[in-house]
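Biologist: Show me how to read this model, one feature at a time.

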Amino acid sequence: MDYCEVLEKVLKSNVVWIEAQSCSGESVSILKSGCKALDEMFFQSSPFKIFSLMCAEKSGLEYLKDVLSQEDFILVIEGAIPKDERLCYVGDMTCNELIMRLSQKAKAIIAVGSCAVNGGIIRELGYMGVREFLGKPVYEVPGCPASDKMMIAMIYQALAGGKP
Ligand code: SF4
């Protein structure tokens, strides 16, 4: 199976992708892969929900409601988590609260990019990685930005039931 075929399978799966304090480097890496499956994600309904610069189909608050009602999904987190939760919001909810709530229902959690792995370049400014925030093991894909192929491979492995 080539990369675009794996990407297509991932995009047809129940995945919730949340950006915390991020420059969107990982989302953009996925977007520039050039695979046709990405067009389908934008122009057809897909279970892959990316709460990022590219959630155009619905308003932020509607999308947030949609994301919170998901069951049986893989949670992907891009960006660092602030120790002071007032520094990061998604819609009307702090990133910290949203990630904590989703993490309690997710089948698996994947931190993508060095910011999500350990706070990255803003760690010294009072940020941390997902594992430290949640206090439990998560899959991790470091890099700045993380490699699109490594991220998609990791999501694919998590969908297949591999353990972090
Ligand atoms: S790891 Fe790098 S690319 Fe990813 S959000 Fe942080 S600064 Fe941006």
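Modeller: We take a helix, a strand and the ligand in turn. This is a predicted model: local features need pLDDT of at least 70, side-chain atom pairs count only at pLDDT 80 or more, and totals for chains, interfaces and linings use all residues. Residues are numbered from 1 along each chain as its sequence is written.

Biologist: Which residues of helix 1 are buried?

Modeller: Buried means 20 or more other C-beta atoms within 10 Å of the residue's own; exposed means 12 or fewer, partly exposed in between, with C-beta atoms placed from the backbone. Helices (H or I, at least four residues) and strands (E, at least two) are DSSP runs, numbered from the N terminus. In helix 1 (residues 3-11), Leu 7, Val 10 and Leu 11 are buried. They line one face, because they fall within an arc of 95° seen down the helix axis. That arc is taken from the directions from the axis to the C-beta atoms.

Biologist: How many residues of strand 7 are buried?

Modeller: Five of five, across residues 108-112. Ala 108, Ile 110 and Val 112 point one way, Ile 109 and Ala 111 the other.

Biologist: Which strands pair with strand 7?

Modeller: Two strands pair if DSSP finds at least two bridges between them. Strand 3 (residues 74-78) pairs with strand 7 in the parallel sense, over five bridges. Strand 9 (residues 139-141) also runs parallel to strand 7, joined by three bridges. Ile 110 is the bridge partner of Val 76, and Tyr 139 is the partner of Ile 110 in strand 9.

Biologist: Which residues come nearest the ligand?

Modeller: Near means a C-beta atom, placed from the backbone, within 6 Å. Of the 13 residues around the ligand, Cys 23, Gly 25, Gly 113, Cys 115 and Cys 144 come nearest. Helix 2 (25-31) and helix 6 (114-118) each give two or more residues to the shell.
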